[in-house]
Amino acid sequence: MRVVVATGNAGKVREIAQALGGLDWQLEGLSGLPLPEETGTTYEENAALKACAAALMRGVPALADDSGLEVVALNGQPGVYSARFGNRDNDNERNLYLLEKLRGVKDRRAKFVSVVILASPDGQVETYRGEMTGTLLEGPRGESGFGYDPLFVPDGETRTLAEMTLEEKQAISHRGLALAALVAAHGARVRS
Ligand code: ITT
């Protein structure tokens, strides 16, 4: 089946392609297709906006991820607004902004959330959610991944997500877990 991967984030594209590699799906990029403005207040609303718009415009199923980092000491911020945190327009600037906000703060707990939606052109949606808890460092470590990965050490780990391979991150991450649930549902369907 053809599936449009409805994201403009190259890091997400890599993770989605890796996770879905075992399915017999032909993944397509956006190729210039514009994504709608994220006007929702939940991950579910924003993921549905992106997936449904792409599915409707292309006429084939589309998959979107909406995700974010919820920091306990910031009452869950930036959450759904993680991509625009502090109006900083790149990952490095956003990481510096987050570090500044947490300067001197002892409670470094945070949680990543991902909601993955597969939408069909007729408006049907499947929703998968994954979460990962961890702590935020006082400075970045590692070069791989994207976004807040260099600051985040998952519970039970000593390395940041940016010090892990793509496969290691996928095995425990919010997006990896959401995508694994999707793969399990569709793999089971293929087998039955
Ligand atoms: P699309 O809407 O085009 O998919 P986006 O980056 O704008 O791309 P979101 O609106 O879902 O996506 O914003 C999610 C932000 O949360 C993302 O830009 C990162 O800053 C952060 N984030 C989400 N998952 C992450 C991960 O696995 N590692 C690091 N940061 C992550």
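Predicted model: local features only at pLDDT ≥ 70, side-chain atom pairs only at ≥ 80, totals over all residues.
Good morning, colleagues. I shall begin with the annotation. The UniProt record, an unreviewed entry, lists E37 and D66 under "binding site". These two positions span 30 residues in sequence, yet no two of their C-alpha atoms are more than 12.4 Å apart, so they gather at one spot.

Let us take each residue in turn. Where does E37 lie? E37 is found in the loop that runs between β2, residues 26-28, and α2, residues 43-58. Is E37 buried or exposed? There are 8 other C-beta atoms within 10 Å, and because a residue with 12 or fewer counts as exposed, E37 is placed in that class.

D66, by contrast in setting, belongs to strand β3, which covers residues 62-71. Here 25 other C-beta atoms lie within 10 Å, and D66 is therefore buried, the cut-off being 20 or more. Which residues does D66 contact, once its neighbours within four places in sequence are left aside? They are Y43, N46, A47, K50 and V115.

I turn now to the ligand. The shell around the ligand has 21 residues, and those that come nearest are T7, N9, S82, A83 and G147. Which element gives the most to this shell? It is β3, with five residues; as noted, D66 lies in that strand.

Finally, I consider the shell by class. Nine of its residues are polar, while six are nonpolar and six are charged.

Thank you for your attention.

Methods:
Residues numbered from 1 in each chain as written. UniProt positions renumbered as here; feature names shortened; annotations may be inferred. Helix = DSSP H or I, 4+ residues; strand = E, 2+ residues; numbered from the N terminus. Contact = placed C-beta atoms within 7 Å. Near = placed C-beta within 6 Å. Nonpolar A, V, L, I, M, F, W, Y, C, P; charged D, E, K, R; others polar.
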